[in-house]
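Here's a quick briefing to read with the model open. Take a look at the chain, then work through the notes by topic.

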Amino acid sequence: MILKSIIKGAVAALVLLAVYFAVLSLVSGWDFSQSQFFRFWYFIVGLAVGFGVQIGLFSWLKSVIKEKAAGKVVAVSGTTSTIAMISCCSHYLANILPIIGLSGFLALVGQYQIELFWLGLLANLAGIGYLSGKIVKFAKK
């Protein structure tokens, strides 16, 4: 059960990285996506790892509850992961979204790229803390 959760977390982190590279490559090209990754690798890897840890913890908690406490429901929001992904990639959409009228918003997002990376990392930590609290609470029962 633990190994499955670790694998799910690792796969989720890799998928998030793949989505990051796919979105950037489609919007601005492979060279740009590589340069941005090398420039901000510590944020991007941190976001992906945090996302993977959340998925692993959630997967483990979900499987434990299914085995030991059938009928109980765990409600965990995907908000943390969404914030992390948005902070990671949304400012790059400025290249293709001016037509829709979002250029001002996206320019603002682009100006605060580093702050959004930090927000995404903090949101990941909050999600990990939340899930860890649920695990501790469940373990006490």
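Buried here means under 20% relative accessible area, exposed means over 50%, and partly exposed is anything in between (1.4 Å probe, protein chains only). At 11% relative accessibility, serine 59 therefore counts as buried. This is a predicted model, where local features need pLDDT of at least 70, side-chain atom pairs count only at pLDDT 80 or more, and totals for chains, interfaces and linings use all residues. Residues are numbered from 1 along each chain as its sequence is written, and side-chain values use heavy atoms, with hydrogens and water left out.

**Confidence**
- The chain has a mean pLDDT (the predictor's confidence in each residue, from 0 to 100) of 74, with 69% of its residues at 70 or more.
- Helices are DSSP runs of H or I with at least four residues, numbered from the N terminus; confidence is highest in H1 (residues 2-28), at a mean of 89, and lowest in H3 (residues 79-89), at 50.
- Over residues 69-78, pLDDT stays under 50.
- Where pLDDT is low, the predicted coordinates should not be read in detail.

- Serine 59 sits in helix H2 (residues 30-68).
- Leaving out residues up to four places away in sequence, serine 59 touches Ser5 and Lys8, a contact being heavy atoms within 4.5 Å.

**Aromatics**
- Searching the whole structure turns up nine aromatic pairs: rings of Phe, Tyr and Trp (its six-membered ring) with centres within 6.5 Å, stacked if the planes are under 30 degrees apart, edge-to-face if over 60 and tilted otherwise.
- Phenylalanine 37 and phenylalanine 38 pair edge-to-face, 5.8 Å centre to centre with 70° between the planes.
- Phenylalanine 37 is buried at 16% relative accessible area, whereas phenylalanine 38 is exposed at 59%.
- Phenylalanine 43 and tryptophan 118 also pair edge-to-face, at 5.3 Å and 85°.
- Phenylalanine 43 lies in H2 and tryptophan 118 in H5, so this pair ties together parts 75 residues apart in sequence.

Notes
Helices (H or I, at least four residues) and strands (E, at least two) are DSSP runs, numbered from the N terminus.
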